[in-house]
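Me: I would like to learn how to read a sheet, the helices against it and a nonpolar core. Can we take one model and go through it step by step?

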Amino acid sequence: MKIDQDLIRKFEEQLDPQNIEASGIPAKLVGFGEISSIIALQDLPGMVLKRMPMFPDVASAENYLNTYREYCSLLNAAGLKLPADDTAIIKKSERLTVLYFAQQKFLPEQIGNKVLKSLEKAELEQFIERVIAAIYSVWRFNKSQDKYQLAIDAQISNWAYVVDKNELYYIDTSTPLFKIDGIEQLDPELILTSAPSFGRAIIRKFFLADVMNRYYDEKSVNVDLVANLYKEKLANLVPLFIEKINERSSGKLTEEEVAAYYKEDNFIWALFLSLRKIDRWLHTYLYRKQYQFILPGKIER
Ligand SMILES: Nc1ncnc2c1ncn2[C@@H]1O[C@H](COP(=O)(O)OP(=O)(O)OP(=O)(O)O)[C@@H](O)[C@H]1O
Ligand SMILES: [Mg+2]
């Protein structure tokens, strides 16, 4: 897959991050990430763009891109199917470089959370089993050798499913979390640039101690996947997920554990988002600088 680099440059140059859809180049916001925003351009049919506005210079964006490529090839080696992709690095100003990931676009009804709402029992079970099998293929890969340890954020909205072909894709590749010889490859400070400076100390504490490490751990990833179903208003599927997970996992998962975790996780992300909103306000009204991140409105939890 190849994207038109000039088009991305033009898009970035005229972009108002707070009002993407009002841009000179017709664009639609199709998803919110914790860090990136997911954009579809009329002139790039069949693709989405994930915009990461957090690099001080081109070299650090290139460095991130290399880490991303290595993460993708390791996920492939572990047996995951990833969407076709391409990338663009745009130097916006002396202090800001933006990295774009382009990805093959899936229909809204092919994204995991929507899939769960539409499938009938037999296909539904098949989809859930596919997701769990994919997660466990990552753990198998990690155990099969000593050099690499891959992390995975297995939340249901990070998977796309093409039902008629029974194809499962992992789509949340833009935060490459993995270790080589025990050394974390993703610089957490880069992720923290999406957080306001005044809140970084608290977020750093939660992030590093908890949020980042949880994605390497079998049990935590399972709990996170199931707990997220509450947020997706799919609490009715919690018992089925737990049953399917317990067919594979060594330790047994319970609904109580999941509910307790959900409360705490909510707190961390709600805090993160409210700090970012204060920061956006400060940028706009006090510092009079353009705020680069696109924040979701009130998230129902
Ligand atoms: N290739 C795609 N096609 C269609 N929709 C997509 C695609 N990629 C992402 N989306 C939509 O955007 C949402 C967020 O995307 P994604 O999971 O990649 O970002 P994220 O959660 O911000 O990741 P990160 O936190 O690592 O930046 C998805 O759940 C989905 O709804
Ligand atoms: Mg995601």
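This is a predicted model: local features need pLDDT of at least 70, side-chain atom pairs count only at pLDDT 80 or more; totals for chains, interfaces and linings use all residues.

Me: Which residue of β2 is the bridge partner of F32?

Reply: S37 is the β2 residue bridged to F32.

Me: In what order do the five strands lie in the sheet?

Reply: The order is β1-β2-β3-β5-β4, in an open sheet with antiparallel pairing. β1 (27–32) and β4 (85–91) each have a single partner strand and stand at the edges, so one side of each is left without a neighbour in the sheet. From one strand to the next, the twist averages 30 degrees.

Me: Which strands does helix α1 touch?

Reply: Helix α1 (residues 5–14) packs on the sheet and touches β1, β2, β4 and β5 (97–104). Its direction makes about 50 degrees with that of β4.

Me: Across which strands does helix α2 lie?

Reply: Helix α2 (residues 58–78) lies across β3 (47–55), β4 and β5. Relative to β4, α2 runs at about 165 degrees.

Me: Which residues have the most contacts inside the largest nonpolar core?

Reply: They are Y100, L150, W159 and V226, in a core of 60 residues. Helix α2 gives the most to this core, with seven residues.

Me: What does Y100 touch, leaving out residues up to four places away in sequence?

Reply: Counted that way, Y100 touches I8, L49, K50, R51, T87, A88 and I90.

Technical notes:
Residues are numbered from 1 along each chain as its sequence is written. Chains are lettered from A and ligands numbered from 1 in the order in which they are written. Two strands pair if DSSP finds at least two bridges between them. Helices (H or I, at least four residues) and strands (E, at least two) are DSSP runs, numbered from the N terminus. Axes are lines fitted to C-alpha atoms, for helices over the stretch in contact, and angles run from 0 to 180 degrees between N-to-C directions. Two residues are in contact if their C-beta atoms, placed from the backbone, lie within 7 Å. A nonpolar core is a set of buried Ala, Val, Leu, Ile, Met, Phe, Trp, Tyr and Cys residues joined through C-beta atoms within 7 Å. A residue is buried if 20 or more other C-beta atoms lie within 10 Å of its own, exposed if 12 or fewer, and partly exposed in between; C-beta atoms are placed from the backbone.
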